[in-house]
Amino acid sequence: RKLGYYNLPLGANVHCVDIDPYSSSAGGAYENTALVEKYKMSDDEYDKRKGTLRDWGRQKKEENPDFSLMKHAKEHAQLVEARRFYKESGSVKEGFELDESSGLIIRVENEAFNDTQTENPKSDAEIEYGPESTQHLTLHDRCQVQPGSRRGEIAYIGTIDELGGGGHWVGVILDEPLGKTDGCVDSVRYFEAPGPNRGGFFRGKNVEGGDFPEIDIFASDSEDEL
């Protein structure tokens with residue numbers, strides 16, 4: 001019978017089961033990709049091809065003996081991150097500059113800078129979350145933390161080697177148990193929170209200092225709410 005025989009409503013889902021044991025779809029031939037024979041190129045054949053990533057890397061290696069695909073990928077990722085950072089904050093990361101002609105962030109080609117970076121390299125977190133990232137905050141001030149508009153008091157500002165992310169952090173004693181710590185990281189105490197979930201460590205960009213009094217959840221100006 002044809003499908004129209006069943007008088008199906010508009011938008012109905014139809015599930016069909018093929019019960020023919022000799023059907024070409026038997027055994028999941030149309031669904032199981034593992035049953036499909038795949039083309040595999042040998043390493044030697046790929047090595048002979050032109051226009052591949054390996055071929056491009058080989059050409060770059062001939063131009064510059066110090067070139068490596070891994071180094072290129074890392075530098076490209078750093079450039080993308082520097083451009084993202086500039087777009088979001090308007091600030092230029094160390095080691096990069098704004099090209100006035102194109103309006104794009106480019107890498108600084110400076111031997112003195114490159115030598116300094118080689119001797120004392122900084123991680124991306126150390127650059128993005130340096131001391132200036134917490135300059136707008138003051139110890140013991142009230143604050144509000146995002147996400148969630150959580151309120152509390154600033155109890156610590158500085159680096160935390162145990163977190164391993166690098167850069168500066170802000171330790172906050174939260175008004176409510178919405179954190180992940182009590183002020184301690186791997187047995188090293190940075191501040192004392194009144195409970196296991198009453199503290200947290202946050203990046204400076206997520207913390208706003210100011211007049212943020214503790215919220216009284218029982219206070220309400222509405223006469224229609226008890």
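**Charged pairs, a helix and a core**

Guide: Let's start with Arg189, which is partly exposed because its relative accessibility is 39%. Buried means under 20% relative accessible area, exposed means over 50%, and partly exposed is in between, with a 1.4 Å probe and protein chains only.

Visitor: What kind of model is this?
Guide: This is a predicted model, where local features need pLDDT of at least 70, side-chain atom pairs count only at pLDDT 80 or more, and totals for chains, interfaces and linings use all residues. Residues are numbered from 1 along each chain as its sequence is written, and side-chain values use heavy atoms, with hydrogens and water left out.

Visitor: Which side chain does Arg189 meet in a salt bridge?
Guide: That of Glu192, at 3.6 Å, N to O. A salt bridge is a side-chain nitrogen of Lys or Arg within 4 Å of a carboxyl oxygen of Asp or Glu.

Visitor: Is Glu192 buried or exposed?
Guide: Glu192 is exposed, because its relative accessibility is 55%.

Visitor: How many salt bridges are there in the whole structure?
Guide: A search finds eleven. One of the pairs is Asp43 with Arg54, at 3.0 Å from N to O. Asp43 is in helix H1 (residues 43-48) and Arg54 in helix H2, so this pair ties together parts eleven residues apart in sequence. Helices (H or I, at least four residues) and strands (E, at least two) are DSSP runs, numbered from the N terminus.

Visitor: What about Asp55 and Arg58?
Guide: Their side chains also form a salt bridge, 3.6 Å from N to O. About one helical turn separates them, because they are three residues apart in helix H2. Asp55 is buried at 5% relative accessible area, while Arg58 is partly exposed at 31%.

Visitor: Which residues are linked in a network of salt bridges?
Guide: Asp43, Asp47, Arg54, Asp55 and Arg58.

Visitor: Where is Trp56?
Guide: Trp56 sits in helix H2, residues 53-63. With 31% relative accessibility, Trp56 is partly exposed.

Visitor: What does Trp56 touch?
Guide: Phe67, Leu69 and His72, leaving out residues up to four places away in sequence. Contact means heavy atoms within 4.5 Å. The C-alpha atoms of Trp56 and Leu69 are 9.5 Å apart, and the two residues are 13 apart along the chain.

Visitor: New topic. Which residues are buried in H3?
Guide: Leu79, Ala82 and Phe85 are buried there. They lie on the same side of H3, because they cover an arc of only 125° around the axis. That arc is taken from the directions from the helix axis to the C-beta atoms. On the other side of H3, Met70, Lys87 and Glu88 are exposed.

Visitor: What comes just after H3?
Guide: Gly90, with a positive phi of about 80°.

Visitor: Last one. Which residues make up the largest nonpolar core?
Guide: Ten residues: Ala155, Tyr156, Ile160, Trp169, Ile173, Val185, Tyr190, Phe191, Ala193 and Phe201. Strands S4 (150-159) and S5 (168-174) each supply at least two residues of this core. A nonpolar core is a set of buried Ala, Val, Leu, Ile, Met, Phe, Trp, Tyr and Cys residues joined through side-chain atoms within 4.5 Å.

Visitor: And the second core?
Guide: That one is separate and has nine residues, including Leu137, Cys143, Ile154 and Phe202.
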